[in-house]
Protein chains: 2
Amino acid sequence: MISPRPQPDHPQPDHPESDHNDAMPEEPTQARRFGKARTAQASALLEDYAELIADLLASGGEARPTDIARRLGVSHATAIKTIARLKREGLVTARPYRGVFLTEAGEALAGRVKARHLVVVELLRAVGVPSEAAEQDAEGMEHHVSDTTLAAFSRFLKAR
Amino acid sequence: MISPRPQPDHPQPDHPESDHNDAMPEEPTQARRFGKARTAQASALLEDYAELIADLLASGGEARPTDIARRLGVSHATAIKTIARLKREGLVTARPYRGVFLTEAGEALAGRVKARHLVVVELLRAVGVPSEAAEQDAEGMEHHVSDTTLAAFSRFLKAR
DNA sequence: TCCAAAGTGTAGCCTTGGCTACAAATCGCT
DNA sequence: AGCGATTTGTAGCCAAGGCTACACTTTGGA
Ligand SMILES: [Mn+2]
Ligand SMILES: [Mn+2]
Ligand SMILES: [Mn+2]
Ligand SMILES: [Mn+2]
């Protein structure tokens, strides 16, 4: 699942007794970080589908499996299987030969994801990353940007 | 595989005839972006292992499967299977009950990955992301930071 | 109208990266 | 030296996300 607003992103650092540092993080800390990164990765594909479907519906009007597949650069069979997963997760509805539509939850997800995508690209541009690199790298990075980090990005952009 | 320095990261934008924009990217462009993001993701795990093994060897001296597993927050069986893949890819050597060591290629990869990790964390901190969020999000974002973007990050940090 | 092209769906295959359960080897302490 | 705890390895399971091949709808143009 992808709940709209899960627990607080980053609880306080907890261990203020930092000897001197430069050393490795504590074992449980590191394990937690890797675990969260894995979790984030697990939602990445669904996020990209939701965003893409919203864009297709908004611009052209149609979000057919083939369109989606071509945009993502995968086979249509792959797209169809992922769409099945989106259905299972309650993010889209789709009847055979009838195209794909977003549910309430799907719309909400797409909105958040698109907004985040834009901010990430903007931030990259703002620190001097060339446009195409920014667009490219944002496509992967965005899925690992927490609410905390997103907020910091927005502040930075506004204050600049 | 993970070649040290693949093709140029971002060939020129190619299509300077941008009508007015705000619309979706061209289909082949978008497909290429998603494809590269998938490619980057495929190396992420190997990169994390290489970095972690290097850190363990540097600090304590030993990089045993159990240590690695605990640090990553996965079962030791999972770690052992991934170590087998690292061996296959020529990044580490490991003989039963003898710990894991990096090959030349593994060292090289670990070095690049660690350097990139540090720059990404620094950049995040520099734009106002709190430390723990920076550390957390960098763990996932780093794998999608191209050389072009990394260079921009470094310039930004130096110039600041 | 009807038939070929385009789109859709299904089946079957593969790899990766998780897991648990169990068996074997090694280590460390008395 | 021996034995229990730890570490390591193996087997077997699963889901996700790729793919190709093939069959079935639907659509649109002659
Ligand atoms: Mn994306
Ligand atoms: Mn995106
Ligand atoms: Mn990482
Ligand atoms: Mn890292």
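Eight salt bridges are counted between chain A and chain B, a salt bridge being a side-chain nitrogen of Lys or Arg within 4 Å of a carboxyl oxygen of Asp or Glu. The structure is a predicted model, in which local features need pLDDT of at least 70 and side-chain atom pairs count only at pLDDT 80 or more, while totals for chains, interfaces and linings use all residues. Residues are numbered from 1 along each chain as its sequence is written, chains are lettered from A and ligands numbered from 1 in the order in which they are written, and side-chain values use heavy atoms, with hydrogens and water left out.

One of the salt bridges joins the side chains of A:R33 and B:E132, with an N to O distance of 2.9 Å. Polar contacts between chain A and chain B comprise 19 residue pairs, both residues at pLDDT 80 or more; a polar contact is a pair of N or O atoms within 3.5 Å, where within protein one must be able to donate a hydrogen and the other to accept it, and residues adjacent in sequence count only if both atoms are side-chain atoms. On the side of chain A that touches chain B, at least two residues each are supplied by α1 (27-59), α2 (65-72), α4 (104-126), α5 (131-141) and α6 (147-159) of chain A. Helices are DSSP runs (H or I, at least four residues), numbered from the N terminus. The most is given by α1(A), with 15 residues. By class, this side of chain A has 20 nonpolar, twelve polar and 15 charged residues. Ala, Val, Leu, Ile, Met, Phe, Trp, Tyr, Cys and Pro count as nonpolar, Asp, Glu, Lys and Arg as charged, and the others, Gly among them, as polar.

The contact (heavy atoms within 4.5 Å) takes 47 residues from chain A and 48 residues from chain B. The two chains bury about 4,400 Å² between them, 61% of it on carbon and sulfur atoms; buried area is the accessible area (1.4 Å probe) lost on putting two parts together, summed over both.

Around DNA strand D there are 20 residues, of which A:T78, A:K81, A:R85, B:R64 and B:T66 come nearest; a residue is near a strand if one of its heavy atoms lies within 4 Å of it. A base oxygen of DNA strand D lies 3.0 Å from a polar side-chain atom of B:H76. The largest share of the surface near DNA strand D, five residues, comes from α3(A).
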